[in-house]
Amino acid sequence: MTEKNYLLEGDIKKTLVKLALPLMGISFIQITYNLVDMFWLGRYSDAAVAAVGTASLVNYIGNSLAMVGRVGAATWISQSYGKRSYGQAISYIENGMKVNIFISLLYTLIAGLLMNNFLNLFTLTETVRTYAVEYLTIQIAGMVIVFLNPMFAVSYNAMGNSITPFRMSIIGLVINFILDPLFIYVFKMGVKGVALATVFAQAVVLVIYIIVSKKDGLMSVVDLRRKTDFSMVRNIVRVGLPASIQSTGMALIASVLNTFISTFGPMPMAVFSLGIQIESICWMTADGFAVAIASFMGQNLGAENYDRMEDGFKESLKLFVLIGAVASGILIFFGSNLIGLFMPNDPEAIKEGGRLLMIMGFSEILMAVEIGITGALNGVGLTRFPALNGLIGNALRIPLALLLMPSFGILAIWMVISISMALKGVAAIIAYQVIRKQTKGFRNLRQKVS
């Protein structure tokens with residue numbers, strides 16, 4: 001493993017931006033993945049868009065469960081690397097991958113068995129249900145990739161190398177971009193083609209990750225055949241599980257909201273599926289930067305550079321506010337135009353989608369700040385508050401929607417999503433200040449590598 005350390009010295013702003021730009025690029029690529037699918041599906045049929053929006057929740061839950069290994073391992077890898085305990089960092093990579101392989105196999109089995117029960121929760125037309133089954137069958141078959149690719153990415157990120165994951169994401173995007181129209185229209189596979197293109201692209205990325213990681217000198221000593229260290233597994237699960245529970249809870253809450261939306265017909269379902277993908281421009285960009293601040297905080301905690309941690313968080317917060325402000329302006333003033341790019345022949349959907357994005361736009365700054373604070377706390381192993389904040393904030397959407405839907409219809413759901421985003425941001429700001437005081441600037445933090 002290389003001993004070059006990227007995050008412990010030098011100009012803080014330049015260091016963070018250098019690490020964050022590829023990570024934000026990865027976020028844009030992930031957004032583009034989804035939007036490429038929606039671009040082609042929107043021209044195929046509204047039913048296809050609604051089906052993929054419904055079915056993709058299963059994939060979202062998979063991504064949430066993958067956070068057990070992804071978030072848990074990243075925290076300990078970055079601290080070990082900052083402490084220059086390189087052998088320990090490698091052990092955390094190995095054990096994190098084993099954790100996610102186990103969870104992926106278990107989830108694949110459960111998702112396959114309960115697929116039809118999941119779809120029964122929604123009010124779907126026969127066409128939408130058929131498409132959803134086709135999409136889910138292929139996505140579930142490739143679920144292990146959803147768990148492994150992020151483990152490779154966070155292993156590099158935690159050690160200050162965000163360029164390699166960025167390059168991998170570009171490869172996956174290009175393959176997906178080429179295969180989508182080919183499978184949908186040339187081979188006439190429809191929705192199945194979208195799912196197959198995504199799984200195939202990610203499978204290629206996984207193979208390349210394996211090859212590169214054995215040759216680049218950074219992860220060449222990773223060996224999954226080594227005996228599992230269950231003390232490290234416990235550390236990984238202890239830190240990663242709260243983040244996973246929060247994200248899984250969000251997916252389940254989204255499923256409930258989708259059942260509410262489905263009662264208004266396929267058009268609002270399609271609009272919501274597309275609108276969420278467009279709105280994710282902000283939260284995925286902020287999330288990319290949050291990975292950078294998590295690595296920065298973790299490495300400097302391992303090296304006991306407490307003043308640098310403080311300065312780094314202040315610098316990053318400015319950028320989170322900027323990200324939210326830009327996204328807010330785009331969604332408020334250009335939401336209808338963005339929806340029209342993907343559903344050009346449906347004026348009703350364009351109008352409703354514009355209304356959805358405008359309402360969400362008012363909460364983007366606070367949402368970006370919440371994501372940034374979550375990243376900082378995750379980086380030092382304090383994952384419980386962000387998880388609790390996310391769970392409570394998202395859970396409020398259900399009773400508020402039930403309360404407001406009789407008066408406002410579908411507009412109520414758009415409103416409660418935006419309100420909850422703002423509330424979580426305010427709570428995160430208050431909590432960060434309290435935690436920082438209690439730990440004396442993280443100086444007496446117990447959750448550190450030994």
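**Exercise 1.** In which segment is Thr-439 found? Describe the surroundings of this residue step by step.

*Solution.* The model is predicted, so to speak of local features a pLDDT of at least 70 is needed, side-chain atom pairs count only at pLDDT 80 or more, and totals for chains, interfaces and linings use all residues. Residues are numbered from 1 along each chain as its sequence is written, and side-chain values use heavy atoms, with hydrogens and water left out.

Step 1: Thr-439 is found in the segment after helix 16, which covers 410–438; helices (H or I, at least four residues) are DSSP runs, numbered from the N terminus.

Step 2: list the contacts (heavy atoms within 4.5 Å). When residues up to four places away in sequence are not counted, Thr-439 touches Asn-444 and Leu-445.

**Exercise 2.** How many aromatic pairs does the structure hold? Work through two of them.

*Solution.* The structure holds 10 aromatic pairs, where rings of Phe, Tyr and Trp (its six-membered ring) pair if their centres lie within 6.5 Å, and planes under 30 degrees apart count as stacked, over 60 as edge-to-face and the rest as tilted.

Step 1: take Tyr-156 and Tyr-209. Their ring centres are 6.3 Å apart and their planes stand at 20°, so this pair is stacked. Tyr-156 lies in helix 6 (residues 143–158) and Tyr-209 in helix 8 (residues 191–215), so the pair ties together parts that are 53 residues apart in sequence. Both Tyr-156 and Tyr-209 are buried.

Step 2: take Phe-289 and Phe-320. This aromatic pair is edge-to-face, with 5.3 Å centre to centre and 85° between the planes. Because Phe-289 lies in helix 10 (residues 266–302) and Phe-320 in helix 11 (residues 306–342), the pair ties together parts that are 31 residues apart in sequence. Phe-289 is buried, with a relative accessible area of 1%, and Phe-320 counts as buried at 1% relative accessibility.

Terms used
Helices (H or I, at least four residues) and strands (E, at least two) are DSSP runs, numbered from the N terminus. Buried means under 20% relative accessible area, exposed over 50%, partly exposed in between (1.4 Å probe, protein chains only).
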